[in-house]
Amino acid sequence: MKAIESIPDSQLLLFKSCMVGQEYPGVETSTRYVFDRLGVDYCINDKQSCCTGIGHYTDVFEGLTTTAIAARNFAVARSCGYPNITCLCSTCYAINKEACEVLNTNTEIREKVNSIFREQGLENLVYEKDDMNPRTNFYHAVEILLSKVNEIQKQKKFDFSGVKAAAHHACHYYKVKYLDVLGNPENPQLIDTIAAACGAEPVRWYEDRTLTCGMGFSQLHLNKDTSLQVTKTKLDSLQKAGVELMIHMCPNCHIQYDRYQPVIEEEFDVKYDMVHMNIAQFVALSMGAHPYKVCGFQTHSVPLEEFLEKKGIV
Amino acid sequence: MIPYVNEYDTPECNTLAETAKKSIRTPASLGLDRCIQCGACTASCPAARFTDYSPRQIVKKVMENDRSVLESEMIWSCFYCYSCNVRCPRNNSPVTIVQVLRQMAINEGIGVEKLAYFLEIGEYLAENGASKVPGAGVKNMERDLGERWIRFKKNLESTRVELGLSSRDIRNTNGEVQAILEATGYFEREKWIKAKIQEKRLHRLLKNQCINKENKSGDFSFESDREYSGQPAFTI
């Protein structure tokens with residue numbers, strides 16, 4: 001299990017996420033807004049590519065390609081002096097952490113990847129065993145926020161007192177490498193703890209708390225009915241618990257709940273009262289960020305206007 | 001067409017279990033041999049909750065070296081949520097075993113049409129260093145999500161600029177990603193998959209209408225006489 005004291009606040013490569021960039025760019029700007037104010041030492045490097053997660057989990061990329069692309073990104077992180085890869089997306093986190101483990105423990109794959117780099121004249125990308133540590137070089141941005149929760153509370157400009165919030169902790173953060181998670185993988189409380197520091201009232205346990213969002217990579221497109229049924233199950237449970245705000249840590253889950261909530265309402269003839277945010281957007285908002293110029297709420301499908309007005313933010 | 005060889009995902013071994021254990025997709029400590037068929041995986045599984053999908057049965061088939069599992073629609077229902085991975089008391093990982101089975105099926109040209117949807121991810125990644133929702137998925141989303149989403153997508157570039165980001169999320173990979181995808185054999189495999197899909201479409205076209213739908217559900221009848229029909233593919 002990870003110890004909160006071991007979470008670094010320097011030399012973080014803020015790992016760009018494709019789904020954040022294309023669907024919820026405000027998650028990236030909110031994270032930067034918060035990191036800047038917390039004095040976190042991070043950098044963003046345009047040389048960093050996609051982790052391959054979308055292709056890997058739709059069975060399009062094979063393991064060798066995924067591992068080689070990861071090794072390239074590790075070289076990008078090391079060469080700019082920011083080797084602590086910090087992800088906005090839980091799938092990037094899982095892919096990178098797993099690829100690092102493979103590169104360190106599987107000599108055959110490591111040598112194959114390196115021979116590809118040499119063959120292509122990319123010697124600068126060569127990965128030597130233990131160049132990166134799967135336990136100490138890979139983080140999710142939410143872990144950094146949790147480690148700074150006291151500072152967040154101190155800098156809080158807006159109090160979310162009385163907001164009934166529920167957390168959705170991403171599967172690829174806590175179920176893939178489950179031995180290396182902050183807290184209990186059966187009941188992670190990262191988002192809840194941060195939300196509470198901003199004054200919200202997290203619903204600590206609700207029915208089907210650990211259920212996946214239902215996106216399932218190819219499932220949303222190949223088996224849409226099942227996919228939406230899974231999503232609906234959790235939305236039903238949150239509605240029953242009287243939740244008004246659902247807080248996310250992964251753009252894939254965020255898409256599934258925020259984009260498809262109106263679709264589910266229409267297809268299943270139901271009505272939900274909750275809005276959606278990423279935890280970084282929520283923290284940024286409580287630290288005084290502009291809901292549209294920083295948090296980027298204009299890209300959301302479930303409109304937040306009513307929620308923001310009711311809470312007196314706009 | 002000859003089967004495709006994908007040596008790291010699906011190393012050639014005498015049994016399905018050996019391939020699963022040696023694959024790059026499964027953890028080195030995979031507890032497949034320790035499986036006690038307790039069913040914690042199926043009990044935890046979101047797909048099992050709404051369909052006849054059963055990770056426990058899939059693992060049983062693998063342990064019995066029953067290759068008919070590759071023909072089963074079942075293996076295409078996993079969400080890759082890793083709930084079975086975290087819950088298994090014997091450190092087995094049905095979710096990663098299913099990934100190996102899908103790769104084995106693809107090598108034999110089974111289920112390749114399910115990849116058609118996602119194949120442009122590779123080329124887009126090589127060109128832009130980023131991934132995106134494939135075109136077919138965008139069309140689905142346009143239909144499902146309607147005006148609001150289409151409008152947001154149209155304004156994406158100006159929204160990004162407003163937020164202080166570059167207008168498009170394009171990475172500066174200096175051709176390195178392209179070179180890597182070429183050298184790992186990704187493009188070669190993509191070409192093979194596309195040709196296989198084409199071949200199957202042609203085949204289906206030729207013998208369409210005259211025969212009944214072939215039963216590709218695999219044999220799971222040892223405890224369920226219901227056929228697993230899967231979900232109808234969501235066509236565009």
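Which helices do the buried residues of helix 10 of chain B pack against? This is a predicted model, in which local features need pLDDT of at least 70, side-chain atom pairs count only at pLDDT 80 or more, and totals for chains, interfaces and linings use all residues. Residues are numbered from 1 along each chain as its sequence is written, while chains are lettered from A and ligands numbered from 1 in the order in which they are written.

**View 1. Helix 10 of chain B and its surroundings.** The buried residues pack against helix 4 (63–79) and helix 6 (107–119) of chain A, together with helix 7 (120–128) and helix 11 (186–207) of chain B. Helices are DSSP runs (H or I, at least four residues), numbered from the N terminus. Six of the eight residues of helix 10 (176–183) are buried, so the rest of the structure largely encloses this helix. Buried means that 20 or more other C-beta atoms, placed from the backbone, lie within 10 Å of the residue's own. Among them are Val177(B) and Leu181(B).

**View 2. Helix 4 of chain A meets helix 10 of chain B.** The two pack at an angle of about 150 degrees, with axes 10 Å apart. Axes are lines fitted to C-alpha atoms over the stretch in contact, and angles run from 0 to 180 degrees between N-to-C directions. The contact (C-beta atoms, placed from the backbone, within 7 Å) includes Ala68(A) and Ile180(B).

**View 3. Just after helix 10 of chain B.** Here you will find Gly185(B), with a positive phi of about 90 degrees.

Note on methods. Buried ≥ 20, exposed ≤ 12 C-beta atoms within 10 Å, placed from the backbone. Contact = placed C-beta atoms within 7 Å.
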